[in-house]
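Hi,

Here is the structure I said I would pass on.

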Amino acid sequence: MKTDSALIVTQETLPAAVEALGRIDRDFARALQEVGLPPLRYRAPGFATLLRIIIAQQVSLASAQAIADRLNAACKPVTPETFLALSDDDLRQIGLSRPKQRYARALAKTLIEGALDLDRLVMLDDEAAIESLTRAKGIGRWTAEVYLLFSLGRPDVFPANDIGLMIGAQLLKGLEVRPDRIALEEQARAWRPYRSVAARMLWHYRRQAGAIPDDWE
């Protein structure tokens, strides 16, 4: 099922979406007053962005950026073909761990072989797009959800297994105990159909509070 383009989160639609979220949950209205609008952080769809998300798994934002910068210098542009032309030693010097080298190479080959068509994702609903992405080795649900959120502008995707979102929710709600994935997923049900906007606000709120500002977002 094709996604309604009117629902895509863009720089133009973000302010109204944040205000609508604030009417659902007044804590977000308060957060908007305290820290302002979150950045859109759009990333162009394609192999380079998926690879960037893989790089960012389980490393700090600063480390991920440094690796991405070295990769961009070695691959101009970053495509499946230019990436596969790099040797294992090249990738090691760039900073990719052996597992990430395997995942990235597998993704590049999957795209070249046509087993995964990134252009087709815009025609699929969220769950179908996530299922399509996670068939590729090395792409888990978090990676797929982040891709849909930042690259496809989906309005109602929420990567609840993200530590930054857990911390953001704890801060916003004044919780003594940080929510786990299950608790956060349950809380996020109330934020439909703006869960992607809620995710942006939670990351933004946590960052402005200065709490662990160096993971992927």
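Keep in mind that this is a predicted model.

Let's start with alanine 29, which sits in helix α2, the stretch covering residues 26-35. Its relative accessible area comes out at 16%, and since the cut-off for buried is under 20%, alanine 29 counts as buried.

Next, arginine 70. You'll find it in helix α4, residues 61-74. With a relative accessible area of 38%, arginine 70 is partly exposed, because that value falls between the 20% and 50% limits. Which residues does arginine 70 touch, leaving aside its neighbours within four places in sequence? They are Gln93, Ile94 and Gly95. Isoleucine 94 is worth a click: it is 24 residues away from arginine 70 in sequence, yet the C-alpha to C-alpha distance is 5.6 Å. There is a polar contact here too, with a polar side-chain atom of arginine 70 lying 2.6 Å from the backbone oxygen of isoleucine 94.

The other arginine I looked at is arginine 207, in helix α12 (residues 195-208). Is this one buried or exposed? Arginine 207 is buried, because its relative accessible area of 18% is under the 20% cut-off. Its side chain makes a polar contact of 2.9 Å with the side chain of histidine 204.

Cheers

How values were computed
Residues numbered from 1 in each chain as written. Predicted model: local features only at pLDDT ≥ 70, side-chain atom pairs only at ≥ 80, totals over all residues. Heavy atoms only, no water. Helix = DSSP H or I, 4+ residues; strand = E, 2+ residues; numbered from the N terminus. Buried < 20%, exposed > 50% of the residue type's maximum accessible area, 1.4 Å probe, protein only. Polar contact = N/O pair within 3.5 Å; in protein donor to acceptor, adjacent residues only side chain to side chain. Contact = heavy atoms within 4.5 Å.
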